[in-house]
Amino acid sequence: MRDGGTGTAVGLHRVLEPAGVLPQAADRLDPDPRIRDDEVRIGVERLNLDAASYRQLHTAHGGDPGAIRAEVLRIVAERGKMHNPVTGSGGMLVGVVEEAGPESPLGLRPGDRVATLVSLTLTPLAITDGLADWDGLSEQVPAQGHAILFARSIAAVLPADLPVPLALAVMDVCGAPALTHRVVASQEGAPVVAVLGAAGKSGSLSLAAARRAGASRVIGLVPTAEEEKRLAASGLADAVVRADARDPVAVAAAIQRANGGPADVTVVCVDVPGCEHGAILATAPGGTVVFFSMATSFPAAALGAEGLAADVTMLIGNGYVPAHAETALDLVRSEPAVRALFTARTAGDSAQ
């Protein structure tokens, strides 16, 4: 089922409004299932909403599963993609290749079970089952429908040795450990690395990646006693400290106590807004802050660093680093503590 001809590699031909913008910036995309010769159509099995988006939906609707489900359906129907208008974020998906155009450069074949490694905010998407099998209580959303990949999209065939919910959870955040590894490995000497939100998916992977890249000490900051206990038991961090990441003074003090000084590299993996200033205060002059959260306010980070006279390099984790999926999957396979934390999050999910 093809339209014929090729589309623009970045998907401009799928933008309905406003004209002239890229798909991520568009208000509405065209999810027509007919593909161009360089496109791929995926039969959707499962969405993975990014953590910031799901938290916002859950909070806005008081945890009401029916209301959360209805809101996701409304967004997809109106926008032709899953692009939360409040957080500006989306997630990614798992599905089976239904059709691949003869000029698609992605190397996918019909029948391949894949995870898309591009955001749902730029992926044309249609849902056909009303999300009837989703309880509304998890970021992972069983779904039926279709999605379209462009010539410059990214997708990875799912590994056969990992359950689907686990593989999806890992691939959803695979940019974080890959970028953390790159940043830590590029530092002179052996840096001290602090990870905010260290017990979560991207946080635990970033801890493991930092250690593998040569960090001399890794510190994990978490918000609750339960997460503190769980992360300490994992052994992924040399020190585990507890503080509200939205409290700049508390964050800086916690890192100071654990390290005797600020961190050289701070990685932010927290899915709530307001964590920018604490990360900056916790980082040494000349250090680096990596913001890997869609809840980050980049104006707040830039103006906060200026107001604090903080000489720090600030990086936006854009979700893509070459070989990022392989890096993250290798950490899950080779680091039992990382896999245990992920399995604890996905063990209740029956869609294997």
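This is a predicted model: local features need pLDDT of at least 70, side-chain atom pairs count only at pLDDT 80 or more; totals for chains, interfaces and linings use all residues.
Local features need pLDDT of at least 70 and side-chain atom pairs count only at pLDDT 80 or more, while totals for chains, interfaces and linings use all residues. Residues are numbered from 1 along each chain as its sequence is written, and side-chain values use heavy atoms, with hydrogens and water left out.

**View 1. Helix α4 crosses helix α10.** The axes of α4 (residues 175-186) and α10 (residues 324-334) come within 8 Å and cross at roughly 95°. That makes α4 roughly perpendicular to α10 (an angle of 65 to 115 degrees). Axes are lines fitted to C-alpha atoms over the stretch in contact, with angles from 0 to 180 degrees between N-to-C directions; helices are DSSP runs of H or I, at least four residues. On the α4 side, G175, P177 and A178 meet H324, T327, A328 and L331 of α10. The residues of this contact divide into four nonpolar, three polar and no charged.

**View 2. The largest cavity and its lining.** The structure holds one cavity of 30 Å³ or more, and the largest has a volume of about 40 Å³. A cavity is a set of points on a 1 Å grid where a 1.4 Å probe fits but cannot get out, and lining residues have an atom within 4 Å of a point. Lining this one are V268, V270, V272, C275, E276, F291, S293, A295 and T296.

**View 3. Q56 and its contacts.** Look for Q56 in helix α1 (residues 51-60). Its side chain makes a polar contact with the side chain of N84 (2.9 Å); such a pair of N or O atoms lies within 3.5 Å, one able to donate a hydrogen and the other to accept it. Leaving aside neighbours within four places in sequence, Q56 is in contact (heavy atoms within 4.5 Å) with N84, V86 and T87.

Terms used
Helices (H or I, at least four residues) and strands (E, at least two) are DSSP runs, numbered from the N terminus. Angles under 35 degrees count as roughly parallel, over 145 as roughly antiparallel, 65 to 115 as roughly perpendicular and the rest as oblique. Ala, Val, Leu, Ile, Met, Phe, Trp, Tyr, Cys and Pro count as nonpolar, Asp, Glu, Lys and Arg as charged, and the others, Gly among them, as polar. On a 1 Å grid over the protein atoms alone, a cavity is a set of points where a 1.4 Å probe fits but cannot get out, and a pocket is an open set with protein on both sides within 12 Å along at least five of seven lines; lining residues have an atom within 4 Å of a point. Grid points are joined across faces, edges and corners, and a volume is the space filled by probe spheres set on the points.
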